[in-house]
Amino acid sequence: MDQHPDLPKPRRARSLAGQLFVVQVVIVAAVVAGGALLAYLFTAGRAEDAALRQVTAVARSVADAPNVREAALAPAPSAALQPYAEQVRRDTGVDFVTVMAPDGIRWTHRDPEQIGKRFLGHTEQALAGQVFSETYTGTLGPSVRVVVPVQDGGRVVGLVSAGITVQSISAQLRGPFLALGAVAGAAVLLGGLATYLANARLRRHTHGMGAAELSHLYDYHQATLHSVREGLVLLDRHGRVVLCNDAARELFGLTGGLDGVPVRSLGLPPSLVRALGGAEPVRDEVHLTEERVVVVNTSAVGPGLGTVVTLRDHTELQSLSGELDSVRGFAEALGAQAHEAANRLHAVVSLIELGRHREAVEFATAELELAQQLTDRVVAAVGEPVLAALLLGKTAQAAERGVELTLTEDSRIDDGVLPPGLAPRDLVTVLGNLVDNAVDAAIENAPARAPEVAVTARVDGTELLLRVADSGPGIDPSAAGEVFDRGWTTKASSGGRGLGLALVRQAARRNGGAVTVGGSPADGAVLTVRLPLRREAG
């Protein structure tokens, strides 16, 4: 929507780089100005000290000169002292050399008209025999001066004052001050240029945003990371964790600080570590952690900067998918049974039409007794309705595929034995996948042995025992530790298989149980799952 023409456009805040540029330039200018001021004050102090030493040396030399002492005792001192004092002034570079009587009446002066007038300044300390210095405003303006007594046998017979005007000292400082100003200006210019270049780089990295905008962006970034349900992990180019949001921590079962931790040190399954650290991107790849099924996607961040990993939790979806597969199998088995029942019904009708009533009754009742015996056997042994329904369906499925599925004599699970915490969905996952794998293995080995699957389901002390044995080719003992890895299969064409046993182990661990592999290539495979009926608190 366009902005109303009468409304003022919002003023964009100065970028962070711009703010830092102004602050840095001000700081550089202040530092340079402070340094220049200190240098000037130091130079001025040194110049004033040098001027004081100079005039002191000149005044002492004049006061100690014998001709000055003799002239001070003579009847007309000015005649002898004026030319001498002016000659000394010109030779030494001071601004004035004044010789005076002890009462302050000048005998010499740079301006002859001032001769005979009283000296402007203090002479008390000099009359006491001391060398005295001060800055005082006289006939030539403010000056740095010194007053030295002229003594004859311990008696003060005259005074000598030499000085340099403040104006002369300032003139001497003008050159160094201009040079100092030029250096200071160059320092400010170079500092400002360097600051501009540094802040131009900062402006590119911050995309011209101000401090408030960056703060808001960070707040939005944090809120987004912690609110999204999908897991997000950022890895640097060395495979170390840069960022891991709450959802990813939950999916991976991670706690504590993770910044800078290599992904291989997170305790994840090897296949998942390979997927996260691989050079090629991963698209919708299914992996299993200790308790979850996650779908992993990876994407590179820029040229060699790192990897973005997104995770979606498909645990529930995978469970529902397994249940759906079971329901689909039940439906297919029921369809096949309906077709078979129709064939049997036609046979019964035909026998009746042929007048073979006794044979028709025997044929029908025999089929009914066989089906009822199977149902009665399962229902009597397994009181848990979910397991009973699953076994009946799997038996029908196996029979349809030519496999004899039997429930062992020692099987027994009374209704109400299973704890509420043991989810029926996990039971379907465990037993359904074990039976499906056993049926496939039995069919694969059918030419060598009659395809059979034996299921044991019973309570063994404080544990629920589920055991499935098949007449298949068995599992090589050397591969017993790999059968529960994602993607493991004995079938020539996996076609997306290799996940069932991994899901079995995951469901068993989720409920505090374990799954073991037994049997041999000669006798077939035996897989046993034990689930505790009582979980320890805490």
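Predicted model: local features only at pLDDT ≥ 70, side-chain atom pairs only at ≥ 80, totals over all residues.
Trainee: Okay, so how do helix 12 and helix 13 run, roughly parallel or roughly antiparallel?

Mentor: Take helix 12 (residues 424-444) and helix 13 (residues 500-510): their axes come within 9 Å and cross at roughly 150°. Angles over 145 degrees count as roughly antiparallel. So helix 12 is, relative to helix 13, roughly antiparallel.

Trainee: Which classes of residue make up the contact of helix 12 with helix 13, and how many of each?

Mentor: On the helix 12 side you'll find Asp426, Thr429, Val430, Asn433, Leu434 and Asn437. Helix 13 brings Gly500, Leu501, Leu503, Val504, Ala507 and Arg510. Sort them by class and you get two charged, four polar and six nonpolar residues.

Trainee: Which element gives the largest share of the largest nonpolar core?

Mentor: That core has 41 residues, and Val453, Val455, Leu464 and Val529 touch the most other members. Several elements supply at least two residues each, including helix 10 (357-381), strand 11 (452-460) and strand 14 (524-532). The largest share is eight residues, and it comes from helix 12.

Trainee: How many residues are in the second, separate core?

Mentor: Val58, Ala59, Val146 and Ala162 are among its members. In soluble globular proteins, nonpolar side chains tend to be buried together. The size of this second core is 25 residues.

Definitions and conventions: Residues numbered from 1 in each chain as written. Heavy atoms only, no water. Axes fitted to C-alpha atoms, helices over the stretch in contact; angles between N-to-C directions. Helix = DSSP H or I, 4+ residues; strand = E, 2+ residues; numbered from the N terminus. Parallel < 35°, antiparallel > 145°, perpendicular 65-115°, else oblique. Contact = heavy atoms within 4.5 Å. Nonpolar A, V, L, I, M, F, W, Y, C, P; charged D, E, K, R; others polar. Core = buried A, V, L, I, M, F, W, Y, C linked by side-chain atoms within 4.5 Å. Buried < 20%, exposed > 50% of the residue type's maximum accessible area, 1.4 Å probe, protein only.
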